[in-house]
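Trainee: I'd like to learn how to read a structure like this. Can we go through it together?

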Amino acid sequence: MLVEIFPDYETLSERAYELVATLIRRKPNCVLGFATGSTPLGLYRRLVEGYRRGELDFSKVVTFNLDEYVGLPPSHPQSYHHFMWANLFQHININPSNVHLPNGMVDDIEAHCDWYEEQIRRVDGIDLQILGIGPNGHLAFNEPGSSLGSRTRIKTLSRATRRANARFFGSEEAVPRHAITMGIGTIMEARRLLLLASGRAKARAVRAMLEGPISAMVSATIVQLHRYAHVLLDAEAASELAYNHHDGISEPFDVH
Ligand code: F6R
């Protein structure tokens, strides 16, 4: 694993931008996996700015998002569809037919999940998957106890996740109970992982992810098995690490 620690969220986001922008320039038709939530917002803002400065062309970029709430239409302000269009897609020259998110409104969720996996295979997989981590150590909505071999499917959200996301909905009760999420097995097939974590609330989960035993109870620990996992932390998120990961810094990854 390549772990880099930055003094604050802005420098972390700047580094994430540098890595994603490099990939888009070297491989204009790259397949990017996107996450929602607070953590990648600094990266998305920079991607929009990079596009406006004429540094980035998204016209051939293909995207897949990790997850979506069940029961929220794309127009709902808290749906992940809405989040991605409001924070990124509507500001760049992405081709809407290249954008993929699970649809939380379908009748046949199982068939839809199979279709989603098929779409990822059809473009020969994800080049770079951007990830956040939940305070409970989840990756996407792979809550504690998720199979480490899981594929895209419906998951019941844990109490901890609904509590953490209540800030977006006004109350915990208003947070949907289920989500469609890429599985751990799906995420692990991405050629590169770029995981971002910021703030003290993530420090315990980050420690478990990097230094704890691999466990289905902390799905993010699976990144220890990925060949190209790149983890960007700010000082607060890194504050509970025991090992000095600074010592292990190697060259940033190249695009294959
Ligand atoms: C979102 C997702 C989640 C978040 C995680 C952290 O698509 O998959 O796993 O990455 O819950 O969320 P924030 O960044 O809001 O702390």
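Mentor: Let's start with burial: buried means under 20% relative accessible area, exposed over 50%, and partly exposed in between, using a 1.4 Å probe and protein chains only. Cys30 is buried, with a relative accessible area of 0%, and Cys113 is buried too, at 3%. This is a predicted model, where local features need pLDDT of at least 70 and side-chain atom pairs count only at pLDDT 80 or more, while totals for chains, interfaces and linings use all residues. Residues are numbered from 1 along each chain as its sequence is written, and side-chain values use heavy atoms, leaving out hydrogens and water.

Trainee: How many disulfides does the structure hold?

Mentor: A disulfide is a covalent bond between the sulfur atoms of two cysteines. With the cut-off of sulfur atoms within 2.5 Å, the structure holds zero.

Trainee: What does strand β6 pair with, and in which sense?

Mentor: Strands of a sheet pair through backbone hydrogen bonds, either parallel or antiparallel. Here strands are DSSP runs (E, at least two residues), numbered from the N terminus, and two strands pair if DSSP finds at least two bridges between them. β6 pairs in the parallel sense with β2 (residues 31–34) over two bridges, and in the parallel sense with β9 (residues 192–197) over four. Leu128 of β6 stands opposite Leu32 and also opposite Arg192 in β9.

Trainee: Which residues of β6 are buried on each side?

Mentor: In a regular strand the side chains alternate between the two faces of the sheet. In β6 (residues 128–131), Leu128 and Ile130 are buried on one side, and Gln129 and Leu131 on the other.
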